[in-house]
Amino acid sequence: MREKGPGQQALETPRAAGLAGVVFALLLAAAIVLVRLGIPGGADAVGAQGFTDSGRRDALRTALALVPFAGIFFLWFIGAVRAHVGDAEDRFLATAFLGSGLVFTAMMFGASAAASAVLAVAHPAGAQPAPATSDFGRHFAYTLMTGYAMRMAAVFVSSLSVIGHRLGVLPRWLTVLGVLTALTLLFLSSNVPWAELVFPAWSLLISVYLLVAGRRDRPRPVTAR
C-alpha cells in the first residue's frame with residue numbers, strides 16, 4: 001500500500017472533522033427534540049407526566065440512548081479540529097476550546113444520567129413517582145443541560161470562531177454567526193425553550209462548511225497522457 005504524503009494526510013482531517021460534526025449535530029438535535037417532547041414544560045413542568053406517560057417515557061429513553069453517541073462524535077470532532085489546526089493554534093484559545101468541549105460533554109452526560117435515574121426509580125405501574133424525586137431529577141437534568149452545559153457550548157463556539165478567524169479558515173459570516181450563537185447560548189438557553197437547538201444547528205453548519213472546503217481544496221489527481 002502506498003503511503004500518503006503529508007499534504008494528503010492534512011486534507012483528510014477537515015473531512016473527518018466535518019463528518020463527525022454532522023453526526024454529532026444530528027444526534028444532539030434529535031435528543032433535544034425528544035426531551036422537549038417528552039417533558040414539554042421543561043424544568044417547570046407541573047406534575048410528573050413526563051415520567052409516567054408511556055409515550056413520553058419512550059421519547060426520553062430514546063433521547064438518553066442517543067446522548068452517549070453524540071458525546072463520542074463530539075470528542076472526535078474536537079480531536080479532528082485540533083489535529084487540523086496543529087502547531088498554529090493559540091495556547092489560550094486552544095485551552096478554552098478543549099476545556100469547554102470536555103466540560104460540555106461531561107455535563108451533557110451528567111444531565112442524561114440524572115434523567116435516566118428518575119426513569120429507573122421503581123414505582124407501582126400507572127402511579128406517579130414521588131413528587132420530590134421527579135421534581136429534583138427534572139430540575140437537575142434541565143439545569144445541567146440548559147444552565148451550565150450550554151454556557152460551556154457558548155465558550156466552545158466563541159473560541160472555535162476566533163481560532164477559525166485568526167487562521168483564516170472560516171469566512172467572516174460564519175465567524176459572526178458563531179458570535180451570535182454564543183450570545184444566544186449564554187443569555188437565552190436557560191430561559192427560552194428550544195434555544196439550545198442553536199448549538200447543533202451551528203455545529204451542523206460549520207461541519208458542512210468544513211466538508212465543502214476540504215473537497216474544494218483537495219488536489220485533483222494528475223492523469224498520465
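## The main nonpolar core

In this predicted model, the largest nonpolar core holds 39 residues. Four of them, Phe77, Phe104, Phe156 and Phe199, touch the most other members of the core. Helices α1 (6–38), α3, α4, α5 (131–167), α6 (172–187) and α7 (198–217) each contribute at least two residues. Helix α5 gives the largest share, with ten residues.

Which residues does Phe77 touch, if residues up to four places away in sequence are not counted? The list is Ala17, Ala20, Gly21, Phe156, Leu160, Ile206, Ser207 and Leu210.

Another core lies apart from the largest one and has eight residues. Among its members are Ile39, Leu60, Ala141 and Tyr142.

Val35 is a residue of helix α1 that touches two of these members, Leu60 and Tyr142, as well as Ala63, when residues up to four places away in sequence are not counted. Val35 itself is partly exposed, because its relative accessible area is 24% and a buried residue must be under 20%.

## The chain as a whole

The protein chain has seven helices and zero strands. Of the 225 residues in the chain, 40% are buried.

How much of the contact in the chain joins residues at least 24 apart? Among contacts between residues at least 6 apart in sequence, the share is 81%.

## How helices α3 and α4 pack

Two packed helices are described by the angle between their axes and the distance between the axes. For helix α3 (residues 54–85) and helix α4 (residues 91–120), the angle is about 165° and the axes are 10 Å apart. An angle over 145 degrees counts as roughly antiparallel, so α3 and α4 are roughly antiparallel to each other. The crossing of α3 past α4 is left-handed. Sorted by class, the residues in this contact are 17 nonpolar, five polar and three charged.

Ser112 is a residue of helix α4. Is Ser112 buried or exposed? Ser112 is buried, because its relative accessible area is 12% and the limit for buried is under 20%. Leaving aside neighbours within four places in sequence, Ser112 is in contact with Leu64 and Val67. Both numbers fall within the range of helix α3, residues 54–85.

Leu34 is placed in helix α1. With neighbours within four places in sequence left aside, Leu34 is in contact with Ala59, Thr62, Ala63 and Leu66. Leu34 and Ala59 are 25 residues apart in sequence, and their C-alpha atoms are 5.4 Å apart in space. Leu34 is partly exposed, with a relative accessible area of 21%.

Val35 in helix α1 is 27 residues from Thr62 in sequence, with 8.9 Å between the two C-alpha atoms. Ala63 is touched by Val35 and is also in contact with Leu34.

Ala80 lies in helix α3 and counts as buried, because its relative accessibility is 9%. Ala80 and Gly18 are 62 residues apart in sequence, and the distance from C-alpha to C-alpha is 8.7 Å.

Ile72 is also found in helix α3. Is Ile72 buried or exposed? Ile72 counts as exposed, because its relative accessibility is 54% and exposed means over 50%. The C-alpha atoms of Ile72 and Phe24 are separated by 8.1 Å, while the two residues are 48 apart along the chain.

## A loop residue with positive phi

Trp194 is placed in the loop between α6 and α7. Trp194 has a positive phi of about 75°, although Trp194 is not a glycine. With a relative accessible area of 36%, Trp194 is partly exposed.

Note on methods: Residues numbered from 1 in each chain as written. Predicted model: local features only at pLDDT ≥ 70, side-chain atom pairs only at ≥ 80, totals over all residues. Heavy atoms only, no water. Axes fitted to C-alpha atoms, helices over the stretch in contact; angles between N-to-C directions. Helix = DSSP H or I, 4+ residues; strand = E, 2+ residues; numbered from the N terminus. Parallel < 35°, antiparallel > 145°, perpendicular 65-115°, else oblique. Left-handed = near helix turned anticlockwise from the far one by under 90°. Nonpolar A, V, L, I, M, F, W, Y, C, P; charged D, E, K, R; others polar. Core = buried A, V, L, I, M, F, W, Y, C linked by side-chain atoms within 4.5 Å. Buried < 20%, exposed > 50% of the residue type's maximum accessible area, 1.4 Å probe, protein only. Contact = heavy atoms within 4.5 Å.
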